[in-house]
Amino acid sequence: MASIQTLSDSDRRVLARWALSCAERALPQFDADAAAHAEICDAVDRTRAYSAGESSAGEEIKKRLVAVKAAKAATTPAGAAAARAVGQAAAVAHMGAHALGAAAYAAKAVSLAHPDRPEAVQEEVRWQVANLTDREREALRRLPSLGADSSGPLGEGLLSRGVLGSVIRQIQADIG
């Protein structure tokens, strides 16, 4: 039986657009060698193609960890978080709950890049929620609350703690 965090392929394609838009806002924080940049750009292009119906979930699942590996080449913690946001967006093809991970890592990148501006995270979350389409909100509402289901990224793992957990809880509260 599939996890409730997976969602339908149609919902995952819809959420991939939003997840990628969140991740792309954090990308200016990413600085690494040319190979890592190429991997991040490829993940962005593949996620965009998946969202547009131009690739299959199976094709994307095979490559979903490429951006996560590129994060290790980042020269700053903010850059690593930005790369992980792209990795989470790419992983939406596998499981829809990764869309919330993309938004959370994008906000974490903002928090790390602007430690002197604690309001920056709230501004980012407001932008993320404001840029959801009605269809994306519907799809996100199908996901369980953070920590309520252990069969995916919204379980009691990395996404449930710190700024990542706070951001996801805020988004889930804001969309009802």
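Helices, labelled H and numbered from the N terminus, are DSSP runs of H or I that span at least four residues. The views below show a predicted model.

View 1. The largest nonpolar core holds 55 residues, and the members that touch the most other members are Trp18, Phe30, Leu100, Leu140 and Ile171. At least two residues of this core come from each of the helices H1 (9-26), H2 (34-51), H4 (66-70), H5 (77-90), H6 (98-113), H7 (119-130), H8 (134-141) and H9 (162-175). Among these contributors, H6 provides the largest share, with nine residues.

**View 2. The surroundings of leucine 100 in the core.** Leu100 is one of the core residues that touch the most other members. When neighbours within four places in sequence are left aside, the contacts of leucine 100 are Trp18, Leu140, Leu143, Leu154, Ile168, Ile171 and Gln172. Three of the residues in that list, Trp18, Leu140 and Ile171, are themselves named among the core members that touch the most others.

**View 3. Alanine 120 in helix H7.** Alanine 120, which belongs to helix H7, counts as buried because its relative accessibility of 4% falls under the 20% limit. Apart from neighbours within four places in sequence, alanine 120 has Val110 and His114 in contact with it. Alanine 107 stands 13 residues away from alanine 120 along the chain, and the C-alpha atoms of the two residues are separated by 8.2 Å.

**View 4. Arginine 25 over the ring of tryptophan 127.** Here arginine 25 lies over the face of tryptophan 127, and the distance to the ring centre is 4.0 Å. Pairs of aromatic rings, by contrast, come to a count of zero in this model.

**View 5. The largest cavity and its lining.** The count of cavities of 30 Å³ or more comes to one, and the largest cavity has a volume of about 30 Å³. The residues that line the largest cavity are Ala16, Arg46, Thr47, Tyr50, Glu60, Ala89, Ala90, Val92 and Ala93. Both H2 and H5 supply at least two residues of this lining, and H2 gives the most, with three residues.

**View 6. Threonine 6 in the segment before H1.** Threonine 6 is found in the segment that precedes helix H1, and this residue is buried because its relative accessible area is 16%, against a limit of 20% for that class. With neighbours within four places in sequence set aside, threonine 6 is in contact with Arg12, His94, Met95 and Gly96.

**View 7. The largest pocket and histidine 98 in its lining.** H5 and H6 each contribute at least two residues to the lining, with H5 giving the largest share, three residues. Histidine 98, located in helix H6, is buried because its relative accessible area is 12%, which is under 20%. Lysine 62 stands 36 residues from histidine 98 along the chain, and their C-alpha atoms are separated by 15 Å.

Terms used:
Residues numbered from 1 in each chain as written. Predicted model: local features only at pLDDT ≥ 70, side-chain atom pairs only at ≥ 80, totals over all residues. Heavy atoms only, no water. Core = buried A, V, L, I, M, F, W, Y, C linked by side-chain atoms within 4.5 Å. Buried < 20%, exposed > 50% of the residue type's maximum accessible area, 1.4 Å probe, protein only. Contact = heavy atoms within 4.5 Å. Phe/Tyr/Trp six-rings, centres within 6.5 Å; stacked < 30°, edge-to-face > 60°. Lys NZ or Arg CZ within 6 Å of the ring centre and 35° of its normal. 1 Å grid on protein atoms, 1.4 Å probe; cavity = no way out; pocket = protein on both sides within 12 Å on 5 of 7 lines; lining within 4 Å. Points joined across faces, edges and corners; volume = space filled by probe spheres on them.
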